[in-house]
Amino acid sequence: MNVPVWVNGELIGPEQATVSVFDHGLMVGDGVFETIKCVNGASFALTRHLDRLRLSAQRMDLPEPDVDAITAGVHACLAEAPPWQLGRIRVTYTSGPGPLGSDRGNQGCTAVVIVDEQKPFPATADVTVVPWPRNERGALAGVKSTSYGDNAKALFYAKARGGGEAIFENLAGNLCEGTGSNIFIVRDGRLLTPTLSSGCLAGVTRALTLEWCGGSEEDVPLSALYEAEEAFLTSTTRDIQPIRAVDQTTLPAAPGPITAKAMRVFAERSAADLDP
Ligand SMILES: Cc1ncc(COP(=O)(O)O)c(C=O)c1O
C-alpha cells in the first residue's frame, strides 16, 4: 500500500519523497520525533504528542516546529490511508541540511510525516535487562531525539536473547525505562513507575496511565523489577502490555490483578476520548 508521505508541506508518493543526504537528522541524529497511534483511521492523543515534539525541539535548541502545518500533514496522510484498525503516525523534525560535522546548517528544518499500519504487540512481553545505563544527567535525557542508536543497539541485544523489549537502569542503578516504553511495577501491592528524574521519557501513555489508573512516581533499584509482584510496559503502540518474564525470572502473574484492572480502565478511557 503506497500511502503518500508529507515532506515540508508537500504530500508526495513514498517512492518520490526525498530529503537531502546532508540532512543532520541522517548525519548526526540532530532531530526529534514522535510516534502517534491511530485507531480506525483517527489519531490518538495528537495534542499531547505535538506538545512533546515542541518540547523536545526546545530541549535541543532547535527552531520551534510549525505544529499547525504538521497537524495538517498528519490529517492529509490519514485521509489517503486505509482506516487501519491500528496504525502509527511518525513525525520527524530535524535541523535540516548542514555541514559534515556537528555544526548546524541554516537552510531550514526538515519535517516529515509518515503513516503505516501497526501490528498489535503480543499479549505479554519478556524483557531483557541490558548492561548499558541510561544517562539521566545527559543533555538528551528525556528528549525524544532521533539519536536512538542506544535504543537500536539495546533492542538488538534483547531480541538476540529472546526478549521483546530491552530495559535500562540508570547511572544511579535505578530502574529507568525500555527502548520504546515506560515501565510500571507492583511492589508491596503498590503500583509504581520511575520518576522523570530517572532519565526516562515522559511517555504519553505513562502520563495517561498515572492519571486514569493511579500509581506513584518513585525510583526503585533495578533489582525491584526481578522481585515485582506484577510489571507492565506502556507505550503509544502497546498501551499497557504485561511483563511475563525479566531475563530468566518469570513474574508471579501476567497480567496480575492490578495490571488487568489498569488495562481495562485504559481501554475504556482511551476509547471514550481520542484526544485526552
Ligand atoms: C525511550 C522511550 N521511552 C518511553 C516511550 C513511551 O512513550 P509513549 O507512551 O509516549 O509512546 C517511548 C516511545 O516510543 C520511548 O521511545
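**Figure 1. Lining of the largest cavity in the predicted model.** The largest cavity is lined by Lys-37, Phe-44, Ala-45, His-49, Val-204, Thr-205, Leu-208, Ser-235, Thr-236 and Asp-239. On a 1 Å grid over the protein atoms alone, a cavity is a set of points where a 1.4 Å probe fits but cannot get out, and lining residues have an atom within 4 Å of a point. The volume of this cavity is about 50 Å³, a volume being the space filled by probe spheres set on the points, with grid points joined across faces, edges and corners. One cavity of 30 Å³ or more is found in a search of the whole structure. Four nonpolar, four polar and two charged residues make up the lining; Ala, Val, Leu, Ile, Met, Phe, Trp, Tyr, Cys and Pro count as nonpolar, Asp, Glu, Lys and Arg as charged, and the others, Gly among them, as polar. H5 gives the most to this lining, with three residues. Residues are numbered from 1 along each chain as its sequence is written. In this predicted model, local features need pLDDT of at least 70, side-chain atom pairs count only at pLDDT 80 or more, and totals for chains, interfaces and linings use all residues, while side-chain values use heavy atoms, with hydrogens and water left out.

**Figure 2. Helix H5 and its buried residues.** Seven of the ten residues of H5 are buried, so the helix is largely enclosed by the rest of the structure. Buried means under 20% relative accessible area, exposed over 50%, and partly exposed in between (1.4 Å probe, protein chains only). The buried residues are Val-204, Thr-205, Arg-206, Leu-208, Thr-209, Leu-210 and Trp-212.

Figure 3. Tyr-148, Glu-177, Val-204, Thr-205 and Thr-236 come nearest among the 18 residues around the ligand, where a residue is near if one of its heavy atoms lies within 4 Å. An oxygen atom of the ligand is 2.5 Å from an N or O atom in the side chain of Tyr-148. For Glu-177, a side-chain N or O atom lies 2.7 Å from a nitrogen atom of the ligand. For Thr-205, a side-chain N or O atom is 2.6 Å from an oxygen atom of the ligand. The protein covers 94% of the 390 Å² of accessible area that the ligand has on its own, by the Shrake-Rupley method with a 1.4 Å probe. Two or more residues of the shell come from each of helix H2 (46-59), strand S9 (175-178), helix H5 (204-213) and strand S13 (230-235); helices (H or I, at least four residues) and strands (E, at least two) are DSSP runs, numbered from the N terminus. The shell has three nonpolar, eleven polar and four charged residues.

Figure 4. The peptide bond from Ala-254 to Pro-255 is cis, with omega near 5 degrees, and Pro-255 is found in the loop between strand S15 (249-250) and H7. Asn-8, in the loop between strand S1 (5-7) and strand S2 (10-12), has a positive phi near 45 degrees. Its relative accessible area of 47% makes Asn-8 partly exposed. Asp-247, in the loop between S14 and S15, has a positive phi near 50 degrees and counts as partly exposed at 29% relative accessibility.

How values were computed. A polar contact is a pair of N or O atoms within 3.5 Å; within protein, one must be able to donate a hydrogen and the other to accept it, and residues adjacent in sequence count only if both atoms are side-chain atoms. On a 1 Å grid over the protein atoms alone, a cavity is a set of points where a 1.4 Å probe fits but cannot get out, and a pocket is an open set with protein on both sides within 12 Å along at least five of seven lines; lining residues have an atom within 4 Å of a point.
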